[in-house]
Amino acid sequence: PAIQNAELGKRAPRWIRDNEVTMCMKCKEPFNALTRRRHHCRACGHVVCWKCSDYKAHLEYDGNKLNKVCKDCYHVIIGCTDSEEKKRKGILEIESAEVSGNSVICSFLQYMEKSKPWQKAWCVIPKQEALVLYMYGAPQDVKALATIPLLGYTVDDTPKSADLPHSFKLTQSKSVHSFAADNEELKQKWLKVIHLAVKGETPECQNELQVN
């Protein structure tokens, strides 16, 4: 559970693991080996890039020593607000954890677009928008890589490749999105939701589809 603002710096946070994110949890820049090393904010435990961790604040839980913190925690701890942060989040900027916790279905799927290589994506269909598929690089990412509005897509669930037997495809005129699940049961759960979404319908029994 996230630490509430009032508790920032008073108790040690749970650190988000490096492999749970592919981008800075504050500025959303992707991490790469050279320019963006991962740092942890000592107040909230989020993984941030060097730019966003370039702040220091005295943390009570660490004997009031100066610690590296992210910009947001710095403002909270020293008590000034950043009005910019209040700007409305764009559609892609809904945090994955927020969406996954209130989703019709979410899990990792392999994803392929056109002739690009397959890649692993954390896929979520949120309850608020049960007709949109959100794709994230990892479950704790704070920005979606892409969204697919499912309405009007055609579903093809005959796998083309023996390597990925649990695959299915979504096509609409020229756009084709291929997905593959790890097993048949997971594939069928996704298809159950997607078959409804492409017709503009939402599933009734939403809670049964939570896949971790």
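Let me start with His166, which lies in the loop between β9 and β10, where helices (H or I, at least four residues) and strands (E, at least two) are DSSP runs numbered from the N terminus. Leaving aside neighbours within four places in sequence, His166 is in contact with Phe179, Ala180, Ala181, Asp182, Asn183, Glu184 and Lys187, contact meaning heavy atoms within 4.5 Å. For Lys187, which is 21 residues apart from His166 along the chain, the C-alpha atoms of the two are separated by 6.1 Å.

Before I go on, a word on conventions. This is a predicted model, in which local features need pLDDT of at least 70 and side-chain atom pairs count only at pLDDT 80 or more, whereas totals for chains, interfaces and linings use all residues. Residues are numbered from 1 along each chain as its sequence is written, and side-chain values use heavy atoms, with hydrogens and water left out.

Now the overall layout. The protein has three helices and 11 strands, and from the N terminus on its elements run β-β-β-β-α-α-β-β-β-β-β-β-β-α. Of the 212 residues, 40% are buried, where buried means under 20% relative accessible area, exposed means over 50%, and partly exposed is in between, with a 1.4 Å probe and protein chains only. Among the contacts with a separation of 6 or more, 47% come from residues 24 or more positions apart. The protein exposes about 11900 Å², of which carbon and sulfur atoms supply 52%; these areas come from the Shrake-Rupley method with a 1.4 Å probe, and for residues only the protein chains shown count as cover.

Turning to the sheet, what is the order of its seven strands? The sheet is open, its pairing is antiparallel, and the order reads β8-β7-β6-β5-β11-β10-β9, two strands being paired if DSSP finds at least two bridges between them. Because β8 (146-149) and β9 (154-156) stand at the edges with a single partner strand each, one side of each is left without a neighbour in the sheet. From one strand to the next, the twist averages 35°, with axes taken as lines fitted to C-alpha atoms, for helices over the stretch in contact, and angles running from 0 to 180 degrees between N-to-C directions.

Within that sheet, strand β5 (residues 103-113) and strand β11 (residues 175-180) pair in the antiparallel sense over four bridges, and Tyr111 stands opposite Phe179 in β11. Helix α3 (residues 184-197) lies across β5, β6 (119-126), β7 (132-136), β9 and β10 (167-172), running at about 105° to β5.

Next, the aromatic side chains. The structure holds five aromatic pairs, where rings of Phe, Tyr and Trp (its six-membered ring) pair if their centres lie within 6.5 Å, and planes under 30 degrees apart count as stacked, over 60 as edge-to-face and the rest as tilted. One of them is the tilted pair of Tyr55 and Tyr74, at 5.1 Å centre to centre and with 45° between the planes. Since Tyr55 lies in strand β3 (residues 55-59) and Tyr74 in helix α1 (residues 71-78), the pair ties together parts that are 19 residues apart in sequence. Tyr55 is partly exposed, with a relative accessible area of 24%, and Tyr74 also counts as partly exposed, at 24% relative accessibility.

Why does the pair of Phe108 and Trp122 count as edge-to-face? The ring centres of Phe108 and Trp122 are 5.0 Å apart and the planes stand at 70°, so the pair is edge-to-face. This pair links distant parts of the chain, with Phe108 in strand β5 and Trp122 in strand β6, 14 residues apart. Phe108 counts as partly exposed at 27% relative accessibility, whereas Trp122, at 9%, counts as buried. The charged end of Lys120 sits over the ring of Phe108, 4.3 Å from the ring centre; the criterion is that NZ of Lys or CZ of Arg is within 6 Å of the ring centre and within 35 degrees of the ring normal. Elsewhere, ring pairs link Tyr111, Phe168 and Phe179 into a cluster.

Glu20, in the segment before β1 (39-40), counts as buried at 15% relative accessibility. Not counting residues up to four places away in sequence, Glu20 touches Arg14, Ala138, Pro139, Gln140 and Asp141. Lys28 is also found in the segment before β1, and has a positive phi of about 70° although it is not a glycine. Ser173, in the loop between β10 and β11, has a positive phi of about 40°, again without being a glycine, and at 77% relative accessibility Ser173 counts as exposed.
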